[in-house]
Amino acid sequence: MGQNIFDNNVFFSEYIKLRRGKNYNDLLEQPAMRKLLPDVRGKTVLDIGCGYGRESYLFAQSGAKQVIGVDISRKMLELARREYSHPDVEYLQMDMEELGGLTQEFDLIYSSLAFHYAADFQRLAGNLYRLLRAGGRLLYSQEHPIVTATVDCRGHYNTVDGQCVSYTFSDYAAGGRRVGAWFVDGVENYHRTMGEIVTTLAQAGFVIEELVEPLPGKWALEELPELAKEFIKPTFLIIKARK
Ligand SMILES: C[S@@+](CC[C@H](N)C(=O)[O-])C[C@H]1O[C@@H](n2cnc3c(N)ncnc32)[C@H](O)[C@@H]1O
């Protein structure tokens with residue numbers, strides 16, 4: 001069973017506050033995901049770690065014929081059902097480690113910033129492959145391995161004269177569980193090297209079509225100048241793959 005940190009009261013309210021303000025999701029990750037998103041009209045979509053459902057809802061609004069959003073967090077799903085309900089979207093409380101319970105095939109499996117919470121990526125990749133129809137697409141984002149690497153979760157930027165010039169991280173080769181602080185102590189995620197991620201997907205049967213480390217556009221830098229740090233160290237990794 002995966003950790004359900006999003007149901008922690010403090011974590012949940014801080015996370016939602018973050019998402020309601022200027023944030024890396026809207027300015028960096030989502031624009032890159034949208035560029036890679038296949039046409040969803042008439043398609044079936046599985047949204048894993050759907051959170052409060054904004055993307056699941058958008059897929060349905062864009063003409064997807066059926067969207068299933070799964071998430072481990074009761075609080076996130078409550079918000080999804082309240083703010084992003086749609087007749088063609090069904091929200092299910094489910095651990096992504098237990099996707100074996102789903103039997104239907106999907107045209108698109110989508111996941112935004114959830115897979116770094118999965119302990120067993122090999123099992124997850126096998127389930128994703130099984131749940132995708134032949135020719136279907138997997139599109140997902142996760143925290144970049146440079147971000148997840150450092151064992152004490154204390155990678156940091158180095159500055160010279162107040163300017164960020166480099167980033168220090170360590171423990172890259174040691175895959176596995178990390179426990180650090182993000183709003184609250186004890187937040188778990190899993191580090192995997194780029195090699196492990198790509199090899200696991202390839203061995204599950206996927207053909208990798210694109211691997212993107214998104215950079216901010218000019219408009220995003222104007223909104224949030226600190227995004228210039230992305231030119232030193234990427235925050236996100238995005239992979240698009242085909243069955
Ligand atoms: C960073 S949030 C992203 C939410 C949403 N995809 C978005 O972009 O707005 C990560 C989500 O993954 C969910 N999650 C974490 N571990 C999970 C697990 N083992 N199974 C299913 N969902 C999980 C969390 O509850 C949370 O809603």
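Student: Start with T193. Leaving aside its neighbours within four places in sequence, which residues is T193 in contact with?
Tutor: T193 is in contact with P145, Y172 and A173, leaving aside neighbours within four places in sequence. Contact means heavy atoms within 4.5 Å.
Student: What should I know about the model itself?
Tutor: This is a predicted model: local features need pLDDT of at least 70, side-chain atom pairs count only at pLDDT 80 or more, and totals for chains, interfaces and linings use all residues. Residues are numbered from 1 along each chain as its sequence is written, and side-chain values use heavy atoms, with hydrogens and water left out.
Student: Is T193 buried or exposed?
Tutor: T193 is buried, because its relative accessible area is 17%. Buried means under 20% relative accessible area, exposed over 50%, and partly exposed in between (1.4 Å probe, protein chains only).
Student: What does the side chain of T193 reach?
Tutor: The side chain of T193 reaches the backbone nitrogen of E196, at 3.1 Å.
Student: On to T148. How far is T148 from Y172?
Tutor: T148 and Y172 are 24 residues apart in sequence. In space, they are 8.3 Å apart, C-alpha to C-alpha.
Student: And is T148 buried or exposed?
Tutor: T148 is buried, with a relative accessible area of 3%.
Student: Which backbone oxygen lies 3.3 Å from a polar atom of its side chain?
Tutor: For the side chain of T148, that is the backbone oxygen of P145.
Student: Now the ligand. How many residues surround the ligand?
Tutor: There are 18 residues around the ligand, and the closest are R19, G49, D71, D95 and M96. Near means that a heavy atom of the residue lies within 4 Å.
Student: How far is a polar side-chain atom of D71 from an oxygen atom of the ligand?
Tutor: For D71 that distance is 2.6 Å. The protein covers 98% of the 590 Å² of accessible area that the ligand has on its own. Those areas come from the Shrake-Rupley method with a 1.4 Å probe; for residues, only the protein chains shown count as cover.
Student: Last topic: how many aromatic pairs does the structure hold?
Tutor: The structure holds 17 aromatic pairs. One of them is F11 with Y15: the ring centres are 6.4 Å apart and the planes are at 10°, so the pair is stacked. Rings of Phe, Tyr and Trp (its six-membered ring) pair if their centres lie within 6.5 Å; planes under 30 degrees apart count as stacked, over 60 as edge-to-face and the rest as tilted.
Student: Are F11 and Y15 buried or exposed?
Tutor: Both F11 and Y15 are buried.

Technical notes: Polar contact = N/O pair within 3.5 Å; in protein donor to acceptor, adjacent residues only side chain to side chain.
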